[in-house]
Amino acid sequence: MALAAARRLLLHAGSRLGRREAVDGARRFANKRVLVETEGPAGVAVMKLRNPPVNSLSLECLTEFTISLEKLENDKSIRGVILTSECPGIFSAGLDLLEMYGRNPAHYAEYWKNVQELWLRLYTSNMILVSAINGASPAGGCLLALCCDYRVMADNPKYTIGLNESLLGIVAPFWFKDMYVNTIGHREAERALQLGTLFPPAEALKVGVVDELVPEDKVHSKARSVMAKWLAIPDHSRQLTKNMMRKATADNLIKQREADIQNFTSFISKDSIQKSLHMYLEKLKQKKG
Ligand SMILES: CCCCC/C=C/C(=O)SCCNC(=O)CCNC(=O)[C@H](O)C(C)(C)COP(=O)(O)OP(=O)(O)OC[C@H]1O[C@@H](n2cnc3c(N)ncnc32)[C@H](O)[C@@H]1OP(=O)(O)O
């Protein structure tokens with residue numbers, strides 16, 4: 001409840017709580033964890049995640065992300081968004097494990113509602129979304145990219161992308177799965193989901209998780225040139241087509257949002273699942289030492 005009120009405040013207060021500047025026709029607004037830069041004439045915004053160290057999607061980050069998208073949707077001069085990261089070597093580490101570990105059921109429910117909200121907004125956006133994947137992109141990070149209309153990835157074998165939930169002892173929800181199937185087909189999705197495959201760039205391209213690989217320093221310029229191509233299509237026909245392709249998948253969640261929140265909450269609250277997350281977090285720590 002408190003978060004919803006904060007969200008309304010942020011959205012409407014805009015320039016008071018966020019930072020807004022106008023320099024040479026370029027505008028920017030920034031929340032703490034999301035920076036948005038727009039270039040007036042081109043109608044394109046660049047949205048940069050900046051939640052160091054790994055752009056994990058904490059509740060605050062999700063909220064700021066959703067608000068930023070909502071603002072862009074409401075700005076009729078914006079037709080396309082390039083989604084990328086300001087954290088070196090990381091696109092997004094996905095959902096924040098600390099939001100799903102050691103908390104109470106009310107927190108899990110609130111968190112999941114916000115994950116759903118961001119996904120629905122991204123997946124059904126009327127804007128053209130191009131992701132410039134400039135780093136690792138596991139699980140929820142991959143989810144963000146999959147929501148986009150086109151994915152450009154840095155051709156750096158150190159970076160991997162995929163829905164790796166099963167490696168954590170958790171299960172990607174049906175709407176993650178639906179979008180994966182829509183993108184790479186049933187057989188590839190079935191295998192990749194069970195194995196929790198994190199694809200290096202060349203394999204990601206081969207199965208269709210991403211659309212194009214470019215040298216790391218070309219990711220942004222390529223995303224811009226892809227965007228220019230998509231902008232050449234009339235909005236109304238592109239939007240109706242996108243809606244036709246994605247509506248059934250989005251509706252599948254919309255009609256069972258509450259049940260999905262309850263499923264998530266009871267699943268993630270299980271002792272066995274909390275134990276798996278604990279072990280995974282420990283593994284991440286040990287990797288350092
Ligand atoms: C029914 C349930 C369904 C739920 C669906 C779930 C979806 C998800 O998205 S679950 C999250 C899945 N994410 C991952 O598996 C990624 C885990 N992280 C990594 O593999 C790596 O951190 C990396 C490749 C993203 C980056 O590696 P590196 O640059 O070497 O950074 P570190 O591993 O040292 O991490 C730094 C710091 O950040 C913490 N951290 C990493 N990922 C997460 C995360 N997703 N949530 C929260 N915190 C994360 C990591 O533990 C380190 O913390 P400190 O040790 O305190 O510095």
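Helices (H or I, at least four residues) and strands (E, at least two) are DSSP runs here, numbered from the N terminus. Residue numbers start from 1 along each chain, as its sequence is written. The model is predicted, so local features need pLDDT of at least 70 and side-chain atom pairs count only at pLDDT 80 or more, while totals for chains, interfaces and linings use all residues.

**Stop 1**

Colour the shell by residue type.

**Stop 2**

Which strands pair with it, and in what order? Three strands form an open sheet, ordered 6-8-10, with parallel pairing. Strand 6 and strand 10 are the edges, each pairing on one side only. Two strands pair if DSSP finds at least two bridges between them.

Look at strand 6 (residues 89–90): two bridges join it to strand 8. Pick Gly89 and find its bridge partner, Gly135, in strand 8. Then cross to strand 10 (residues 161–162), which is also joined to strand 8 by two bridges. On that side, Pro138 has Gly162 as its bridge partner.

**Stop 2: Leu163**

Is Leu163 buried or exposed? Leu163 is buried, because 26 other C-beta atoms lie within 10 Å. The cut-offs: buried means 20 or more other C-beta atoms within 10 Å of the residue's own, exposed means 12 or fewer, and partly exposed is in between, with C-beta atoms placed from the backbone.

Show the neighbours. Leaving out residues up to four places away in sequence, Leu163 touches Ala139, Cys142, Ala172, Phe176, Tyr180, Ala192 and Leu193. A contact means C-beta atoms, placed from the backbone, within 7 Å. For scale, draw a distance to Leu240, 77 residues along the chain: the C-alpha atoms are separated by 28 Å.

**Stop 4**

Select strand 9 (residues 150–154). Five of its five residues are buried, so strand 9 is largely enclosed by the rest of the structure. Tyr150, Val152 and Ala154 cover one side, while Arg151 and Met153 are on the other. In a regular strand the side chains alternate between the two faces of the sheet.

Four bridges join it to strand 9, in parallel. Ala132 has Val152 as its bridge partner, and Ile133 stands opposite Met153. Strand 7 has six of its six residues buried. Ile128, Val130 and Ala132 lie on one face, and Leu129, Ser131 and Ile133 on the other.

Strand 5 (residues 80–85) runs parallel to strand 7 over four bridges, with Leu83 opposite Ser131. Strand 11 (residues 212–214) pairs with strand 9 in the parallel sense over three bridges, with Ala154 opposite Val214.

**Stop 3: the nonpolar core**

Select Ile82, Leu129, Val130, Ile133, Cys147, Val152 and Ile161. Of the 76 residues in the largest nonpolar core, these touch the most other members. Helix 3 (residues 105–123) gives the most to this core, with eight residues. A nonpolar core is a set of buried Ala, Val, Leu, Ile, Met, Phe, Trp, Tyr and Cys residues joined through C-beta atoms within 7 Å.

Zoom in on Cys147. Beyond four places in sequence, Cys147 touches Trp119, Leu122, Tyr123 and Leu129.

**Last view: the whole chain**

Zoom out. The chain has 11 helices and 11 strands. Buried residues make up 41% of its 289 residues. Among contacts between residues at least 6 apart in sequence, 73% join residues at least 24 apart.

Terms used
Two residues are in contact if their C-beta atoms, placed from the backbone, lie within 7 Å.
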